[in-house]
Amino acid sequence: MKVVESGYKIDLHIHSVCSRTKDKGKVAFNTIDNVGVLAEKLNDNGVQMCAITDHDAFEFDMYKALKACESDEQCSVVKVFPGVEFTVEFIGEKGPTVLHVITVFNDEDETKVAKIAACLVDDKGKTAYDKTGAFSEEKFLSILRSIDLDTVLIVHQKSSLTTSHPYKNDAKTVGEEKFQEFVYTDYFEAFEFKNRKNEAFNKNFLNAQNLMEDIRFITGDKKKCLREMLNRLQDLYREVEDNIEEYKKWILFAFKHSVNHMRCFFKNANFECENEYRIVLKIPEGLLVFEECNDDIVEKGQFKRGNILIPYIDYKFKKESIKQITLNPYIKEENNIFKLSVEEVLWNSQMTNVKIANSKIPIRKYS
């Protein structure tokens, strides 16, 4: 299916005077009175879609002034989106790292768009940073939830993705492991490159990324899934085998994350009668590290299993969402103490409609 007839020329990284705290004098004349000059420049360059994305700020009147270009038949601009360039502190293996995330919002609900600015400040009208000059990852995600609009996230990456010497605030400065997570889990919809050379930095790397797109949601026959994944990895290996040392870590990472995406669909045959899937929720690392809690979190902490400390987050949920509790297969007696304890918890929690069932699995044994 063809989505568009031809490519669009876009500019989603425009700063106004609202970015003066970081851009200083460079944006001194980028005021609402000069939006007409901006429109002329966009038209001269044939830009068709654009957004003013100021540093941690949004000016609704400025946005509306530029959006008026959409109705000007003499202007090349056919779509103006609301946006913000967020300063976000991520936690990687190198510790806290600040990245710049261009966030472009859906413009269909103007009431919500008008409230974007209010979501960025505290009750004193100052930018609601919870870190030094930046938002934590959890605060950033919390702001996006409060704005409640569909988004496209674009992160800075001035150098090529394979460079070992990234620029300051590049996505890759978070460290190799966190960066690979960004790429292979689609945390961001796009990377913003500094120039065309880096934009087309490496066909082989893009193939590795496309590999993930092709196999990450494959379900159904397990053998077919694995065979398809291994075939694609073999094709990728053949393309890069002349430079295998450079790309080996990407291929291994693609394999590891492909298996991770599919693992909840794989079970030992003994568990087939359960007829269910395991669901794994990935919690942002910052949510575990920082002490702050939001309204949905009851408690954060760790419990010890063997010599390992396992962090946990206790989320609020609706009691009525629990329909049944299945006890493990070793519990066979009708009045087993464990079953009686579960019944008491349900009674005290006023959840007497929840069914308690015994697992039908004969024994939890792996062959």
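**View 1. The S76 side chain meets the backbone of V47 in this predicted model.** A polar atom of the S76 side chain lies 2.7 Å from the backbone oxygen of V47. S76 sits in a loop. Leaving aside residues up to four places away in sequence, S76 touches L42, N43, G46, V47 and Q48.

**View 2. T151 in strand 6.** Strand 6 spans residues 151–156, and T151 lies in it. Is T151 buried, partly exposed or exposed? T151 has a relative accessible area of 26%, so it counts as partly exposed. The cut-offs explain the call: buried means under 20%, and exposed means over 50%. T151 touches T103, V104, F105, L144 and E189, not counting residues up to four places away in sequence. Of these partners, take F105. T151 and F105 are 46 residues apart in sequence, yet their C-alpha atoms are 4.6 Å apart in space.

**View 3. Helix 6 and the residue that follows it.** Helix 6 covers residues 137–147. Its buried residues are E137, E138, F140, I143, L144 and I147. L144 is also one of the residues that T151 touches. D148 follows helix 6. The phi of D148 is positive, near 60°.

**View 4. F86 and the largest nonpolar core.** This core has 50 residues. Which residues have the most contacts inside it? They are F86, F90 and I116. Strand 3 gives the core its largest share, five residues. F86 touches residues including D56, L99, H100, V101, T103 and F105, not counting those up to four places away in sequence. L120 and F135 are also among its partners. From helix 6, F140, I143 and L144 touch F86. Another core lies apart from the largest one. That core has six residues, among them V342, L346, M351 and V354.

**View 5. The whole protein chain.** The chain holds 13 helices and eleven strands. Buried residues make up 37% of its 367 residues. Consider contacts between residues at least 6 apart in sequence: 66% of them join residues at least 24 apart. The chain exposes about 23100 Å², and carbon and sulfur atoms supply 51% of that area.

Conventions
Residues are numbered from 1 along each chain as its sequence is written. This is a predicted model: local features need pLDDT of at least 70, side-chain atom pairs count only at pLDDT 80 or more; totals for chains, interfaces and linings use all residues. Side-chain values use heavy atoms; hydrogens and water are left out. Helices (H or I, at least four residues) and strands (E, at least two) are DSSP runs, numbered from the N terminus. Buried means under 20% relative accessible area, exposed over 50%, partly exposed in between (1.4 Å probe, protein chains only). Contact means heavy atoms within 4.5 Å. A polar contact is a pair of N or O atoms within 3.5 Å; within protein, one must be able to donate a hydrogen and the other to accept it, and residues adjacent in sequence count only if both atoms are side-chain atoms. Accessible areas come from the Shrake-Rupley method with a 1.4 Å probe; for residues, only the protein chains shown count as cover. A nonpolar core is a set of buried Ala, Val, Leu, Ile, Met, Phe, Trp, Tyr and Cys residues joined through side-chain atoms within 4.5 Å.
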